Amino acid sequence: MSTSSATGYGSADAFVGRRSDDWRRLEDLLRRLEKQGPRGLSIPEVRSLGKLYRAACADLLIAQSELADAALSDYLNGLVARGYARVYDDRRIGRVQVFDFLWREFPRLVRRERWLVAVSACLLLGGALSGAAVVTLDPEAMGLVIPDMHQARTPEERVRDESFEEPAKVGPAAVFSSFLFTHNIQVTFLVFALGVTFGVGTAALLFWNGVPLGALAAQYHASGQGLFFWAWILPHGVVELTVVIIAGAAGLLLARGLWRPGQRSRRAALVIEARSAVRLIAGGMPLLVVAGSVEGTISQVHAPLVPYAHKLAFAGALFLVLMIYLSRGGIERSRKRLSSIKIE
């Protein structure tokens, strides 16, 4: 590059000295994006790419008008051209953001709010234990804690009617899966939205959703059909209940903003907490797709077609994958980013 003098910005050398670090950073981000694709950058790096690109555009104008340095202008023109091709490729950047959110940001957010997740889980578990206790201590109260749709048949009748040798038709299973997905979304959003009642509605709904689960478990175990029950519930339940618990934590986040606004107004605190709460809900949506698909298919196929042991093994594997994802997702990227921080 030439080092001619210029008015307003000093020499080209001084200009390059002040701006070269940003240009190298932009080159590095562009190189990674071109080589690794959308997965090569995190969300903060994508934002940094946009800022560095805009700054390089301004530098190009300075190089062309103020510095009149042809070599510098050619270099910046090439850099800006590369940046334009990437910054305005909305489809690629959008995939980067979605992937980074689901793989890194969402599990990190779940871990950050782990205490609220634990409280939400305890409320659901408390309801399940209460439902089981009611059925165990007073079987005649079963009608109060078990949904009507499960009272039409005894556990023995359900096991007899739903044990078949041939697989169910795909059409009805797909329709049922779609219905379950819609229902699960409604429950998830309701648990979350009731956080605006200072958390009372969220806590009550979590507890009440656990009651029939515990009551049914106690009923099936008392009838000697406990294995059928868990093989029926767990394949989809390990994911579905996890999402409900996370939605409960999102609702409690809203409640935290209302109960503990700190130096802010309750409205301002609610808005701030709602940003994280909405992201918890958004991250749970793909998991509900998985839960609805499993519930409408695998969960409805019973022995002898699919042995109970196989269904329980599937549920265990799904739970293990889910826990690894929530407990480890984003950790590697976080460490890399921390190690790359440069203190001026």
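Axes here are lines fitted to C-alpha atoms, for helices over the stretch in contact, and angles run from 0 to 180 degrees between N-to-C directions. This is a predicted model, where local features need pLDDT of at least 70, side-chain atom pairs count only at pLDDT 80 or more, and totals for chains, interfaces and linings use all residues. Residues are numbered from 1 along each chain as its sequence is written, and side-chain values use heavy atoms, leaving out hydrogens and water.

**View 1. Helix α5 crosses helix α10.** Helices (H or I, at least four residues) are DSSP runs, numbered from the N terminus. The axes of α5 (residues 114-137) and α10 (residues 226-259) come within 8 Å and cross at roughly 120 degrees. The pair is therefore oblique; angles under 35 degrees count as roughly parallel, over 145 as roughly antiparallel, 65 to 115 as roughly perpendicular and the rest as oblique. Contact means heavy atoms within 4.5 Å. Among the contact residues are Leu116, Ser120 and Leu124 of α5, and Leu241, Gly248 and Arg256 of α10. By class, this contact has 11 nonpolar, two polar and one charged residues. Ala, Val, Leu, Ile, Met, Phe, Trp, Tyr, Cys and Pro count as nonpolar, Asp, Glu, Lys and Arg as charged, and the others, Gly among them, as polar.

**View 2. Helix α10 packs on α12.** The angle is about 15 degrees, and the axes are 7 Å apart. α10 and α12 are therefore roughly parallel. The contact includes Trp230, Pro235 and Thr242 of α10, with Lys311, Phe314 and Met323 of α12. It has 19 nonpolar, one polar and one charged residues.

**View 3. The largest nonpolar core has 35 residues.** Such a core is a set of buried (under 20% relative accessible area) Ala, Val, Leu, Ile, Met, Phe, Trp, Tyr and Cys residues joined through side-chain atoms within 4.5 Å. Phe106, Val110, Val239, Leu280 and Leu326 touch the most other members. α10 gives the most to this core, with 12 residues. Leaving aside neighbours within four places in sequence, Val110 is in contact with Val117, Ile246, Leu280 and Leu326.

View 4. Most residues other than glycine have a negative phi, and most peptide bonds are trans. The bond from Ala303 to Pro304 is cis, with omega near 10 degrees. Pro304 lies in the loop between α11 (266-296) and α12 (308-328). Phe198 has a positive phi of about 65 degrees. Phe198 sits in the loop between α8 (170-193) and α9 (200-222).

Definitions and conventions
Helix = DSSP H or I, 4+ residues; strand = E, 2+ residues; numbered from the N terminus. Buried < 20%, exposed > 50% of the residue type's maximum accessible area, 1.4 Å probe, protein only.
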